[in-house]
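Here is a short note for a colleague opening this entry for the first time. The points can be read in order, with the structure alongside.

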Amino acid sequence: SRVSWDKPTLVLLVGLCCLGLLYHKQTIFISDVCKWLRQGWLPYLHAYKCLKSHMTLLQKQKSFFNPRTAPGPHTLLSVVHKMSRRFAFPPLPLVETNDFVQKLLTELQFPRKRRDE
C-alpha cells in the first residue's frame, strides 16, 4: 500500500515507534506490537478516548483517531522499511538471535533445560 507522507496516520506513528524499537535492539516482534494494538494495550483502535473531553474533532480528525482495524505485521514492517529508506536512516542494527530465541522459548513456556540433562 502507498504511504502518504503529507498526511500523518496512526499507522505511520506506530511504524515510527517500531523503527525506534528496532534501532534500540529491543527483543520485541512487530507481531507483538500488532497484538498490543488489537488488545488495547496501546491506544490505537480507540485513540480518541485518550483525548480530553473539551477537545472537539473535525470529521477528518475523527477518522485519524478512530481507525477501523489495527495494522498487521506485514503492513507495519512495510511502513518501517519505507520510513527507513525515505529518511535515509542507517541500516537497522543486527539483533542477537539468542535474545529472540530466548523470548520465544519463554513465551511458549518451554523449559530452559532438557529433563534428561
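Among contacts in the chain between residues at least 6 apart in sequence, what percentage join residues at least 24 apart? The figure is 70%. Keep in mind throughout that the model is predicted.

1. **Overall makeup.** The chain has five helices and zero strands. Read from the N terminus, the order is α-α-α-α-α. There are 117 residues in the chain, and 22% of them are buried. The accessible surface is about 9300 Å². Carbon and sulfur atoms hold 58% of that surface.

2. **The nonpolar core.** The largest nonpolar core contains 18 residues. Val-14, Cys-18, Val-33, Leu-37, Tyr-44 and Leu-76 have the most contacts inside it. Three helices each give at least two residues to this core: helix 1 (10-23), helix 2 (30-39) and helix 4 (73-86). Helix 1 supplies the largest share, with six residues. As background, nonpolar side chains in soluble globular proteins tend to be buried together.

3. Find Cys-18 in helix 1. Is this residue buried or exposed? Cys-18 counts as buried because its relative accessibility is 2%, and the cut-off for buried is under 20%. Setting aside residues up to four places away in sequence, Cys-18 touches Ile-30, Val-33, Leu-76 and Val-80. Take Val-33 from that list. Cys-18 and Val-33 are 15 residues apart in sequence, and their C-alpha atoms are 7.8 Å apart.

4. **Helix 1 against helix 4.** At what angle do helix 1 and helix 4 pack? The angle is about 75 degrees, and the axes are 9 Å apart. Helix 1 is therefore roughly perpendicular to helix 4, as angles from 65 to 115 degrees are classed that way. On the helix 1 side, the contact is made by Val-11, Leu-12, Val-14, Gly-15, Leu-16, Cys-18, Leu-19, Leu-22 and Tyr-23. On the helix 4 side, the residues are Thr-75, Leu-76, Val-79, Val-80, Met-83 and Ser-84. By class, this contact of helix 1 with helix 4 has 12 nonpolar residues, three polar ones and no charged ones.

5. **Ser-84 in that contact.** Ser-84 belongs to helix 4. Ser-84 counts as buried, because its relative accessibility is 12%. Beyond residues up to four places away in sequence, Ser-84 touches Leu-19, Tyr-23, Phe-89 and Pro-90.

6. **Helix 2 and its buried residues.** Which residues of helix 2 are buried? They are Ile-30, Asp-32, Val-33, Cys-34 and Leu-37. These buried residues pack against helix 1, helix 4 and helix 5. After helix 2 comes Gly-40, with a positive phi near 85 degrees.

7. **A buried aspartate.** Look for Asp-32 in helix 2. Asp-32 is buried because its relative accessible area is 4%. What does Asp-32 touch, not counting residues up to four places away in sequence? The partners are Lys-103 and Glu-107. Both numbers fall within helix 5 (97-107).

8. Ser-31 is partly exposed, because its relative accessible area is 34%. Ser-31 and Pro-71 are 40 residues apart along the chain. Their C-alpha atoms are separated by 9.8 Å.

9. **A positive phi at Ala-88.** Most residues other than glycine have a negative phi. Ala-88 has a positive value, near 50 degrees. Where is Ala-88 found? Look in the loop between helix 4 and helix 5. Ala-88 counts as exposed because its relative accessibility is 65%, and the cut-off for exposed is over 50%.

Technical notes. Residues are numbered from 1 along each chain as its sequence is written. This is a predicted model: local features need pLDDT of at least 70, side-chain atom pairs count only at pLDDT 80 or more; totals for chains, interfaces and linings use all residues. Side-chain values use heavy atoms; hydrogens and water are left out. Helices (H or I, at least four residues) and strands (E, at least two) are DSSP runs, numbered from the N terminus. Buried means under 20% relative accessible area, exposed over 50%, partly exposed in between (1.4 Å probe, protein chains only). Contact means heavy atoms within 4.5 Å. Accessible areas come from the Shrake-Rupley method with a 1.4 Å probe; for residues, only the protein chains shown count as cover. A nonpolar core is a set of buried Ala, Val, Leu, Ile, Met, Phe, Trp, Tyr and Cys residues joined through side-chain atoms within 4.5 Å. Axes are lines fitted to C-alpha atoms, for helices over the stretch in contact, and angles run from 0 to 180 degrees between N-to-C directions. Angles under 35 degrees count as roughly parallel, over 145 as roughly antiparallel, 65 to 115 as roughly perpendicular and the rest as oblique. Ala, Val, Leu, Ile, Met, Phe, Trp, Tyr, Cys and Pro count as nonpolar, Asp, Glu, Lys and Arg as charged, and the others, Gly among them, as polar.
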